[in-house]
Amino acid sequence: MAMVQPRTIRARKLGAHLALLGFVSLVVFPLLLVISISFREGNFATGSLIPERFSLEHWALAFGIPWERADGSIVQPPFPVLLWLWNSIKVALVSSLMILALSTTSAYAFARMRFKGKAPILKGMLIFQMFPAVLSLVALYALFDRLGQLVPWLGINTHGSLILASLGAVALHIWTIKGYFESIDGSLEEAAVVDGASTWQAFYHILLPLSVPILMVVFILAFIMSIMEYPMASVLLLDEDKLTLAVGAQQYLADHNQRWGDFAAAAVLSGLPITLVFLLCQRWIVGGLTSGGVKG
Amino acid sequence: MYTANASRGLPRHRSRYPAERYTRWALRALTASLVLATLWLVVAFHLRGQWMFALLFLVLGASLAIVFGKRQLMSHRYIFPALAGMGVFVIFPLLYTIGISFSNYSSSNLLSEERVRAQFLDRTYQAEGLAFDFRLYQDGGQTRLYLETPGAGLEGTRRLASMPLAEAGDGKPLAVRPVEAAPAGEALGLREVIARRDVLEGLTLVTPDGTELRMAGLRRFAPMLPRFESNPDGSLTDRRDGTTLTPDRETGFFVTEDGERLTPGWPVAVGLDNYAKIFTDPDIRGPFLQIFVWTFVFAGLTVAFTLAVGFVLASLLQWEQLRGKAIYRTLLILPYAVPAFISILIFKGMFNQHYGEINLILENVFGISPDWFTDPALARTMLLVVNTWLGYPYMLLLCMGLIQSIPRDLFEASAVDGGGPLTNMFRITLPLILKPLTPLLIAAFAFNFNNFVLIALLTGGKPDILGASTPAGTTDLLVSYTYRIAFQDAGQNFGLAAAIATLIFLMVVGLSLLNLRLSKVKV
């Protein structure tokens, strides 16, 4: 192209840059705005992107520290944001480790073994994976309600139930790991088996160490998905101190009691780490996401 | 390499390595304890009459025992945990939901028939005709209740007195004993009785023959008697007026002689009633069809908009001579990196009518202030804008990946023939990436078809459709509509919600089968 139209190329480049810059500013505006609002005084302050009346009130409240206003009144933190964040991380950590364990072992069998029903199971998993959990919430609620009467730590309003319920979403991860396993040559494991290793030993000592990168990717993906899970947590968790961030955060903007400024600080505080993790690992995550599923 | 068959059918030797022997035994012990735990759940659920759950854990425990008990099923041991997870938390809830859709399970038909019957039998009524007059007597700091049947002094008058009130523990029934005369001390006036009203109202008195008495007015205590009596044919007799309640097993309610239904009822199978309601009841069919159409429009337009934005940006970013591509790319996928539940709430604040920045800007520039949350058309526009913001990075990433796989010489050939950038875009790039993109577009369509989080956090389905008998909003998608029928408002109608969920299941199955065929998944 460049050889054919040298004269207009500069104008076109400039145009492309302008268009991109315009679009980028549209995209980034809401994010910058929220950062700005988190530093503004009061809950409904308006103004320019750089706050005119700078205040750390919302940030102190987000960290759970009571804030003393200029007129001497003390404002108590409205919601336990840090506790919610901790709940989210706790649930996400345990459930993504369990998901990783489940999907790695099955991916190994699907990639390396031959057994009855392999193809239908793999296809069936892909189909079942497309059902959103929202649709069977009544059933999940009933299941954990009854289970909780027998095993209290798996009942409604426990983190155990939320962790367990997330174990259904393994099909995508199985497919991702299976694809990676298949790209690794099997001769190393074969050699190990010839030397007397069992299938489990070949898997655990040979294949797993070779697959650390994909295991990291799946772990991070499962972690982020679990942090963002909303429908199941909104039904299974009831008490304020049990909520995860995804369910709790909306209380800032409840219809009757809107705390826009407080929300902004809490949003930046809790959203920033997740965003940074995503951006840092994007090279690996994007491959996993675009090969199969859609992030919510 | 297929290792599973290597030792299949051969006798297993005792391992030479102690560590391996211990591991094997540990695995067996773990399997056995898991099987025992599921068996315990089976028995417990069975004893509670919850046969669905008993069956679930029976299947789970049995398959666990078989898979880990038979050496021929070595490979299945590896896939068992994941399949069990899917089975219990995806497939079982799915089947259970389909099952509910054929019943009238709802907040008014929640408990089993036995529990409902027990609730009716537990009900009591105050037999006013057998009431006692009461007085409070105070004697040296102790207060006692004194009861006597009306018409004092007559033959057969029953007189009862209580223990001192102060000794009565909270909520515990207070015993009263027959006495010959009123207790010592002075009787308190009505004013003091009123002052102690809260305490008195919480009191339950128990006579020696076990009858419970409760306050029935400022001067009276009356006995509480069981209201219903069970008859051999399963009906209940109301002891107050002698009428009978007959259980109607078609509708799942106890019915009075006048045909009036009494709540609570119990769930019964109603066949296709819920499905018939969706398609024939005008108060449900109208909103359902409206939401159905909007769901398709929403998912279709979302895919179209996000694809358009993503494709154009991807085409720009693949231009080799453009500088700063890495920075643009990072900034452009930011909406993808920020957790959705946070960015959706950010937009909820930004579109707010009172303090939202969007209306401030519109007001300053154009002098308008649209009602984003109360006008249906504007609310839908807002949803599409926000969802395009959220969703275009995914399309951008997909398109960038696919554009990179287009052979460069195609563009060179086009340049030689005088093709400009637009020609390249629509004649080369788009046709070439559209085919591999199709299955992913279908997946994106299915995802947005069920985009519950966006609706729940941004509009909650509001503004509501007028005249709907179920909670239904103009911005509701089928999923959020289902969720609202099941979990919002008083009349939680699980049966109807499950019927709609089943219909969505069918549509999703159709979409995913289409997807599997188009993407030619190789297993």
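Predicted model: local features only at pLDDT ≥ 70, side-chain atom pairs only at ≥ 80, totals over all residues.
## Annotated spans in chain A

An unreviewed UniProt entry lists residues 20-39, 89-110, 122-144, 150-175, 206-228 and 263-281 of chain A under "transmembrane region". The geometry of two of these spans is as follows. Residues 20-39 of chain A are 95% helix and 0% strand, with their end C-alpha atoms 29 Å apart.

The size of an interface is often given as the accessible area lost when the parts come together. Between chain A and chain B the buried area is about 10000 Å², and carbon and sulfur atoms give 78% of it. A:Leu20, A:Leu135 and A:Leu150 supply 7% of the area that chain A buries against chain B, more than any other three residues. In terms of residues, 112 of chain A are in contact with 106 of chain B.

Eleven residue pairs are in polar contact between chain A and chain B, counting pairs with both residues at pLDDT 80 or more. Helix H1 (residues 9-38) of chain A gives the most to the side of chain A that touches chain B, contributing 18 residues. That side of chain A comprises 75 nonpolar, 23 polar and 14 charged residues.

A:Ser234 is located in helix H11 (residues 231-236) of chain A. Its relative accessible area is 18%, so A:Ser234 is buried, the cut-off being under 20%. The side chain of A:Ser234 makes a polar contact with the side chain of B:Tyr483 at 3.2 Å. Apart from its neighbours within four places in sequence, A:Ser234 is in contact with A:Val247 and B:Tyr483.

## The salt bridge between the chains

Over all chains, the structure holds twelve salt bridges. A:Arg40 lies in the loop between H1 and helix H2 (57-62) of chain A, and B:Glu357 lies in helix H12 (residues 357-366) of chain B, so the pair joins two chains. The side chains of A:Arg40 and B:Glu357 meet at 3.3 Å, N to O. The count of salt bridges between chain A and chain B is one. Both A:Arg40 and B:Glu357 are buried.

## Salt bridges within chain B

The side chains of B:Arg249 and B:Glu113 form a salt bridge of 2.8 Å, N to O. B:Arg249 occupies the loop between strand S12 (244-248) and strand S13 (253-255) of chain B, while B:Glu113 belongs to helix H4 (residues 113-122) of chain B, so the pair ties together parts that are 136 residues apart in sequence. B:Arg249 counts as exposed because its relative accessibility is 51%, whereas B:Glu113 is buried, with a relative accessible area of 16%. A network of salt bridges links B:Glu113, B:Arg117 and B:Arg249.

A further salt bridge joins the side chains of B:Asp238 and B:Arg227 (3.1 Å, N to O). B:Asp238 is in strand S11 (residues 236-238) of chain B, and B:Arg227 is in the loop between strand S9 (220-226) and strand S10 (228-230) of chain B; the pair links distant parts of the chain, eleven residues apart. With a relative accessibility of 5%, B:Asp238 counts as buried.

How values were computed. Residues numbered from 1 in each chain as written. Chains lettered and ligands numbered in written order. Heavy atoms only, no water. UniProt positions renumbered as here; feature names shortened; annotations may be inferred. Helix = DSSP H or I, 4+ residues; strand = E, 2+ residues; numbered from the N terminus. Contact = heavy atoms within 4.5 Å. Buried area = accessible area lost by both parts, 1.4 Å probe. Salt bridge = Lys/Arg side-chain N within 4 Å of Asp/Glu carboxyl O. Polar contact = N/O pair within 3.5 Å; in protein donor to acceptor, adjacent residues only side chain to side chain. Nonpolar A, V, L, I, M, F, W, Y, C, P; charged D, E, K, R; others polar. Buried < 20%, exposed > 50% of the residue type's maximum accessible area, 1.4 Å probe, protein only.
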